Amino acid sequence: MNNITLRLSVMMFLQFFIWGGWFVTLGTFLANNLSASGGQIGMAFSTQSWGAIIAPFIIGLIADRYFNAERILGVLHLIGAGLLYCLYQAADFEAFYPFVLAYMIAYMPTLALVNSVSFAQMKDPSKQFGKIRVWGTIGWIVAGLAISYLFAWDGKEAIAQGMLRNTFLLCAVASLLLGLFSFTLPKTPPKSSGERVGLRQVLGLDALALLKDRNFLVFFLSSILICIPLAFYYQNANPFLTESGVANATGKMTLGQVSEVVFMLALPVFLNRFGIKITLLIGMFAWVIRYILFAYGNADSGIALLLIGIALHGICYDFFFVSGQIYTNSKAGEKVKNAAQGLITLATYGVGMLIGFWMAGKITDSYTTDVGHSWFDIWLFPAAFALGVFIIFLLAFKNEKITASD
């Protein structure tokens, strides 16, 4: 591993260590330590979507025109370190929410910036990027394992004592390190300093013409809709596992990231052998199976159902979202390739998950009593919703021939 590859790998590791180090346990922390309702927890998680919606403006209108990517990456992570410390100190949800909103507005643009810094150093990104990006997944896994097995912050007694608050302090330190480290990364000057960039380019609106294609329109709408059940997993999985009595729940949830790596390797085989339609359908149906397993699983005799449900994350994510990016790439062509990816990201992580987090909060509140949550009913809702999207896609989308290399 050469010097630049090592530095980029460290950057990716810290980037996703920071996110995985507090976001996974956020719902558990808010419910147990700040007495937040399902609706309030949904508001907190939806800050990810607001960050995704605002991120293109920061990248497209500021970073890509005026500043080196590594410098704005450093500044945003230094700001993020301060905001994470404020989250560590927040005493109630009213004090917590403004800081988590500000943090996600600062953090979400950095996802594109680390990619920009990486791609700028590569001669063949298709071969080189995966070896660096995998360190981001490793960072997320290490964060989860540390919370459960090194610090033991997610045990029932530790949660009652407020130990999950320390996740924000841990990530504040990591964000400070990455902020300072970013200024040592290879120089990545603005890409479009001499060009006029308008809102159409920033928001990916140049790719709207693709929606005239019936198949792409079906895929586009299905991508938004499938993000609604996806939000239930991000928002409720850790609180559900913890409340159900699963030991070291955060550490066990890293099985999802491990399976991501495994199924990423299997994805080209499925795409080339079965085609894009079957691959996307497998990804959608995996969400149905996962939530049914969660509905019927428990921490005792049904623990295997829960672990299988967690491990299905690789199929759920890779087979729909990653194969969807490949499909979008093949449909768009060179002129609007970037715009098309930007449009899909805005629609899914922005609009789709914004609706999803709101619905997850409402459904969770409606099945919550003084005794606790009726998790069986809560999980059946996203299972039924994902099944509905699956059926619509099955009937409306006509198979197309693409290859993973597209």
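How do the residues of the lining of the second largest pocket divide into nonpolar, polar and charged?

**Entry 1, ground rules.** I am reading a predicted model, where local features need pLDDT of at least 70, side-chain atom pairs count only at pLDDT 80 or more, and totals for chains, interfaces and linings use all residues. Residues are numbered from 1 along each chain as its sequence is written, and side-chain values use heavy atoms, with hydrogens and water left out.

I looked up the secondary structure and found 16 helices and zero strands (DSSP runs numbered from the N terminus: helices are H or I, at least four residues; strands are E, at least two). The C-alpha trace spans about 60 × 50 × 40 Å along its principal axes.

Next I checked burial: 54% of the 406 residues count as buried (under 20% relative accessible area, with a 1.4 Å probe and protein chains only). The largest nonpolar core holds 128 residues, and Trp22, Leu30 and Phe96 have the most contacts inside it (such a core is a set of buried Ala, Val, Leu, Ile, Met, Phe, Trp, Tyr and Cys residues joined through side-chain atoms within 4.5 Å). Helix α10 brings the largest share of this core, 16 residues.

In the lining of the second largest pocket I found seven nonpolar, twelve polar and three charged residues (Ala, Val, Leu, Ile, Met, Phe, Trp, Tyr, Cys and Pro count as nonpolar, Asp, Glu, Lys and Arg as charged, the others, Gly among them, as polar).

Methods
Buried means under 20% relative accessible area, exposed over 50%, partly exposed in between (1.4 Å probe, protein chains only).
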